[in-house]
Amino acid sequence: MKSQKILNDPVYGFITIPSELIFTIIDHPYFQRLRRIKQLGLTDFVYPGALHTRFHHALGAMHLMSITLDNLRNKGTEISDPEYEAALIAILLHDIGHGPFSHALEYSLLKSVPHEELSLLIIELLNQELSGKLDLTLRIFKNQYERKFFHQLVSSQLDIDRLDYLQRDCFFTGVSEGTIGADRIIKMMDVKDDQVVIEEKGIYSIENFLSARRLMYWQVYLHKTTVSAEKMLINLIQRAKDLKIRGANFPISEEFDYLLGNEHTLQDFQSNPDLLKIFLELDDLDLWGAIKLWKKSDDYVLRSISRMFLTRNLFKISLKNDPFTKKEIESSKRKAIQKLGIPEEDLDYFFSHGTVSNYGYLIKDRINILTKKGKVIDVAQAADLPNIKVMSKIVEKHYICKAKSLI
């Protein structure tokens, strides 16, 4: 790379691509695919500005990682140039295994194949293509590198991933209450006994970070309209799968058709690189293309739900703190069948119920505070921060959502 490449990011301004290897990875088709996968799935049905992509987020996380590593170096932590580059690549590729619509289809299009495991397989595939240049990145990513703080920066309760997506999602949704002050958190980071710690004077920034993250989950990530839209999409994919099993044919991209018609396990992906490459051809456009074609389908379920998406006629959703009783669920089902005029066996495509949950802080995966006396304590032990102890409780909300009408 004759000169450093510079990108202009709407959140941080100019982002520098610091090495030839990183530029090669960003330019690779596997990474460029992230341009076609939205960061927040269907959340733009609620917040119209939420159109940013996994590509944006990965570059932003890499930028924050570089600032963090520079800060740690300035505080006396020795970080070699190979470690520096490997850590940047690890955070750059941490989400490369996401499929279309991210979390919405993670357990419906592919059964029990977490995106983290796919990310690892893709990094290994890239490492083969790049003649082993990602060996150290893989060790950091898998938490097999002896300097454990590098992995904590990639994956923990206070990792660079979260620092970027919270800031970025606030920016693009306009939900300013989720602002976290990532700059100050990074400035307060240090390493002690090979663990990431936050200096005591940054403790209130951590409290704000945890509160903001919890708020963003209820106000953005688990917004009831987003939950409704995601359940619609899951039901639509399930209908397509069921029709495929019966031998039906309908317009769909070749890669989408292959993954839809076969149940693949993690072991299948691990043993078959060609399957992984098929997955890497899939993005949001495959699904939107199918939805646009299915609006004219002979199958009324595919046709109706596709048209609902294209006209934003989303399922009506009811959300409450206490579980719905069996009587309430059965009553809601009967009303839906009667209103929609559909056979009972098709109700599951137009009706969903379940639970969504959120937590602010998991005490078992602690955030460490470095006191002025040099002692390392868990953030929840801070006597004057009762909110963090409250946030360690997992909060559940229960929902019923159903189609308002067939179109």
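Contact here means heavy atoms within 4.5 Å. I then sorted this contact of α11 with α16 by class: eleven nonpolar, one polar and one charged residues. For the classes, Ala, Val, Leu, Ile, Met, Phe, Trp, Tyr, Cys and Pro count as nonpolar, Asp, Glu, Lys and Arg as charged, and the others, Gly among them, as polar.

I note that this is a predicted model, where local features need pLDDT of at least 70, side-chain atom pairs count only at pLDDT 80 or more, and totals for chains, interfaces and linings use all residues. Residues are numbered from 1 along each chain as its sequence is written, and side-chain values use heavy atoms, with hydrogens and water left out.

I checked the geometry next. Helix α11 spans residues 224–245 and helix α16 residues 300–311; their axes come within 10 Å and cross at roughly 155°. Helices (H or I, at least four residues) and strands (E, at least two) are DSSP runs, numbered from the N terminus. Axes are lines fitted to C-alpha atoms, for helices over the stretch in contact, and angles run from 0 to 180 degrees between N-to-C directions. α11 and α16 are therefore roughly antiparallel, a term for angles over 145 degrees. The crossing is left-handed, meaning that the near helix is turned anticlockwise from the far one by less than a right angle, with clockwise being right-handed.

I turned to a second pair. Helix α3 (residues 54–74) packs on helix α4 (residues 81–92) at about 150°, with axes 8 Å apart. This pair is also roughly antiparallel. Its crossing is right-handed. From α3, the contact takes in A58, L59, A61, M62, M65, S66, L69, D70 and R73; from α4, D81, Y84, A87, L88, I91 and L92. I list eleven nonpolar, one polar and three charged residues there.

I looked up the hairpin. Strands β1 (residues 5–9) and β2 (residues 13–17) pair in the antiparallel sense over five bridges; pairing needs at least two bridges found by DSSP. L7 has I15 in β2 as its bridge partner. Three residues join β1 to β2.

Last, I picked I122, in helix α5 (residues 115–129). I122 is buried, at 0% relative accessible area; buried is under 20%, exposed over 50%, partly exposed in between (1.4 Å probe, protein chains only). Leaving out residues up to four places away in sequence, I122 touches Y30, I96, G97, L276 and L280. I122 and G97 are 25 residues apart along the chain, yet their C-alpha atoms are separated by 6.9 Å.

Key
Parallel < 35°, antiparallel > 145°, perpendicular 65-115°, else oblique.
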